[in-house]
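Subject: Structure handover

Hello,

Here is the structure I promised to pass on to you. Please open it alongside this email, and my notes follow below.

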Amino acid sequence: TQSTWGYSTQKMAWKNIEAKFIKDLFPLVNYAISIPVIQRNGISFLKKDTKHLSLEEIKNQTTNMIIGVQDPTTWHAQNLIQNPSHYSLSARATKTKLISFFSRRGARVHRNVFQSIAESRYQYWVIGMDDLKEDLKCWETLAVSSFMHLPMKTLIDNPDIAALQKDNLKSAVAFCSLTSPLKCKEEDFFKRIAQIPHIYPRSLKFYDTEMAEQTVKENIGGFRIMYYPIINEYYKPLISFSNGQIFVNGDPDVRKSVFLTLPDNVLQNLKQSTVSPRLYGEKKDIMEPEEKAKLAKSFFSKPAGGQSIKLEESVKKILLVHRKTNIFLFLLGNSFLVVLLMIKYSLKALFFLVFYKFVKQKKNGTAKGTSATEQKKEQKKEHKQAKKQSNT
């Protein structure tokens, strides 16, 4: 049998996550995908063949999952009841209110990690369906849409997401064709796609930067299945491929037409000078065609090298919101709670130490004062006795 990855699911039997697993484990899930990530020697990368791994290595693997839900706040409240061990102590103490607060102010996602009965490690990212749609369509945060640029397995499908995923893949091809050399290796082009979330160093990532090349090598069949139909259907005038090489058309008119198909958030961040991330929220001020045409004219008046830099800077602005989410996830984690408790008890210990020294110093001072007073009294007494003797 063939999966969405493009290779036999039998080879992935050790991680055969099915829809039933998701439905049995979690509250209602509207959409779910997974990407298996092998971790060896502290490095994570995608892998399609695991037959050479030992049972112990297989047990220590991590599978990343994206879960789309209708209402994240309600879902987390229900999931906390079903799976309390998936949440940190601070999330449990606030009944997931902190999760909702931080999610809305970050990349609209929350991450949980858990260990299964079979000792396999799972990491799942929860996002609202509306936020997922915006991310796929406009690259609102690139938190999930960049994850879905990689070969993946669909666990629970959704017709609306399937249509928007095609737009997401088209956007990845358009972006990389405008930022890649006119001639490059097939692997380098796909590597460029895999590296989109690495444009900003503090973004949410599922593998290390240096492993982007390995990711493509291990899944080249999956990348071909994902992207060649998109290229053939929508980008034939722009991209051709032969013998492992990809050729990008340098004609300005062709490139301009592709530029106009870039996600709205990329175009919006090209025209604004601010570096703050732009989230759509309830206001969806999509750029009008006239504005896009004006922006394209200005953009292509720059040298080709400058165009690539400008596009990467635009994506970097989008990825800035990931920095907030990384901070929020740390604040929600048990490790931060431990640090907080250590600081708390250290301050208490410091307070008691200072108080003890103060009391001791005061006591010593009082003792010295008493001793001096007694000494003065004794001196006066001796003086009186001496005076009395002299008088007699």
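Asn243 is exposed, because its relative accessibility is 78% (exposed means over 50% relative accessible area, buried under 20%, and partly exposed in between, with a 1.4 Å probe and protein chains only). Asn243 sits in the loop between strand 8 (239–242) and strand 9 (245–248); helices (H or I, at least four residues) and strands (E, at least two) are DSSP runs numbered from the N terminus. Its phi is positive, near 50°, although Asn243 is not a glycine. Most residues other than glycine have a negative phi.

Before you read on, please note that this is a predicted model, where local features need pLDDT of at least 70, side-chain atom pairs count only at pLDDT 80 or more, and totals for chains, interfaces and linings use all residues. Residues are numbered from 1 along each chain as its sequence is written, and side-chain values use heavy atoms, with hydrogens and water left out.

Arg108 also has a positive phi, of about 65°. Arg108 belongs to the loop between helix 5 (97–105) and strand 4 (109–115), and it counts as buried because its relative accessibility is 8%.

Next, strand 5. Seven of the eight residues of strand 5 (residues 121–128) are buried, so this strand is largely enclosed by the rest of the structure. Strand 5 pairs with strand 3 (residues 62–69) in the parallel sense over eight bridges (two strands pair if DSSP finds at least two bridges between them). Here Met65 has Tyr124 as its bridge partner in strand 5. Strand 5 pairs with strand 4 in the antiparallel sense over seven bridges, and Val109 stands opposite Ile127 of strand 5.

What about the cores? A nonpolar core is a set of buried Ala, Val, Leu, Ile, Met, Phe, Trp, Tyr and Cys residues joined through side-chain atoms within 4.5 Å. The largest one has 68 residues, and Met148 and Phe259 have the most contacts inside it. Helix 7 (residues 159–179) supplies the largest share of this core, nine residues. Another core, of 22 residues, lies apart from it and includes Ile22, Met65, Leu80 and Phe328.

Finally, the cysteines. There are zero disulfides, a disulfide being a pair of cysteine sulfur atoms within 2.5 Å. For Cys176, the nearest cysteine sulfur is that of Cys184, 9.3 Å away. Cys176 is buried, with a relative accessible area of 0%.
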